[in-house]
Amino acid sequence: MSKLVLKGGSRPPWVGLAAAVWVQIAAGSSYNFSLYSHLLKSVLGLNQQQLTVLGVANDIGESVGLLPGLACNRFPPWAVLLVGAVCCFVGYGAIWLAVSRTVPNLPYWLLWLTHCIATNSNAWFGTAVLVTNMRNFPLSRGTVAGILKGYVGLSAAVYTVIYSMVLRKSALDLLLFLAIGIPILCLALMYFVRPCTPASTEDPSERNHFLFTQAACVLLAVFLVSTTILDATTTPSNAVAYTLVAIMVVLLMSPLAVPIKMTICSVKTKKLGPRVDSTEPLASGESDSSQIEPLLTPSSSATNLGSFYENDESSDVETLLAVGEGAIHKKKRKPKRGEDFKLREAVIKADFWLLWFLYFLGVGPGITVLNNLSQIGISLGVDDTTLLLALFSFCNFVGRLGSGVISEHFVRSRMIPRSLWMMFALMLMSVAFLLYASAHTVTLYVATGLMGISYGVLYAMMVPLASEIFGLKNFGVIFNFMQLGNPIGAVLFSVLLASTLYDNEAAKQGSITCIGQECFRVTFFVLSGVAGLGSILCIILTVRLRPVYQMLYAGGSFRLPQNSGH
């Protein structure tokens, strides 16, 4: 593995985070399937079962990211983003060629494969920016994960605004935009997403910078929901539409204000000159570097961590001498939780599989609702599901960003494992499915909101949780292995369970469209139990991780293990 060159300074990580926001929006392209699926069905003559399988191809493509995870440890981020741009161009370009009839009679298996390739670009985009920024901000990984995952949650609303107000609801133009626009955007930004020297101590100004970025994200979310409702209830003119899109672009660029402010403050500081203490011997031409004290002293957590490994380090010389003399045979020490694991070391740990299964038991039911939200609404008498999709997207964002903020506060103040919030999310999800089963219009909207929040929390909490247990060095591979729960859950719960029961009820009604509460009722009860089982696993994992978090956050801030290679 080639050694990556780290960019020094406090400003480059924030430039990279601002660029990562746009890449994360690009990484949500799979949410567009519902916007062009009707065109696939009508132009290519697909039935509902074939369309559902293409939707699963979307889930498989964006979730199979082991290759991007491995690539993050071997190549710079720009190379990983470049591969994602190529996948995006090839995949969506082929779909556009098929739908536009430029290439007629494209085989179904090839169409399925192109969907996998197109959405696999999301795995390359997301892994590159997530791993890079988690390593650039190792002391604030929960906050960073919440912000980046929050923007992914908002990407559906961003694409909806572009689709409605710029492309005038042309699914064919949307596919062309995905094939050309997204690769150009990522190629323009890939230079700015780069590994930087991480801070070893807490920076007091960093908290304010994160608060600003979070506030900008919330403002964007409120704006997108308002714009979606406005478009659904009225017909805005071209001038109004383009003005709203311009405001959206400005809000997406708002995280750039942080590095711009840092640049301005840096210039002012240089103009004013270095601040000198009144007791410093200005007239003296001598300087003793040994008397200069560091401006920032190590945090108490770093001190505690040093004592934690003190015994191991003090015996290094004696151990080496003993090995040389043949007195003992040196054995490689296995990593402890909180240190850097390789994938093969992580998969033999009970915590790894507890986390995988509880994530699978949450995102599987969640993706089932997301893939069938239109059919759920129609079966309960809601023909226009635009507001349902907007509600899910907004609440998904709230869950992602909010859980990052809340968990970061409690993990520092009370050393509470992040898995506790996943437990609450799964309980909330279980309740949401029971509300869906009640089959009322009001509870449909309430359940969709709760489902969006739960789904967002599970995504946002899995990221920092995996990095805290198994380290950042091989985080890309471990994170993407966890992501496999998404497509597996889609196949089991969406295709085999929900679609089968739906088709059976539709057949009883003598139609391909099922109407009534019986269409999904059994599915909702089963998935409620599945989410409940996941919450039990969360309790077990939380109890097991409590000592780990007490060690990692003993001083009120995260302490980096000394063997971590990031």
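Helix α2 (residues 33–44) is followed by G45, whose phi is positive, near 70°. Helices here (H or I, at least four residues) are DSSP runs, numbered from the N terminus. This is a predicted model, in which local features need pLDDT of at least 70, side-chain atom pairs count only at pLDDT 80 or more, and totals for chains, interfaces and linings use all residues. Residues are numbered from 1 along each chain as its sequence is written, and side-chain values use heavy atoms, with hydrogens and water left out.

Within α2, the buried residues are F33, L35, Y36, S37, L39 and L40; buried means under 20% relative accessible area (1.4 Å probe, protein chains only). L40 is also among the residues with the most contacts inside the largest nonpolar core, which has 157 residues. Such a core is a set of buried Ala, Val, Leu, Ile, Met, Phe, Trp, Tyr and Cys residues joined through side-chain atoms within 4.5 Å. Helix α19 (residues 441–470) gives the most to this core, with 16 residues.

F475 is another of the residues with the most contacts in that core, and F475 is buried in α20. Eight of the eight residues of helix α20 (residues 475–482) are buried, so this helix is largely enclosed by the rest of the structure.

The table lists contacts (heavy atoms within 4.5 Å), not counting residues up to four places away in sequence.

| Residue | Residues touched |
|---|---|
| Y92 | S29, S30, Y36, A118, T119, L175, L178 and A179 |
| L251 | L219, L220 and F223 |

L251 is found in helix α10 (residues 238–253) and counts as buried because its relative accessibility is 13%.

Technical notes. Buried means under 20% relative accessible area, exposed over 50%, partly exposed in between (1.4 Å probe, protein chains only). Helices (H or I, at least four residues) and strands (E, at least two) are DSSP runs, numbered from the N terminus.
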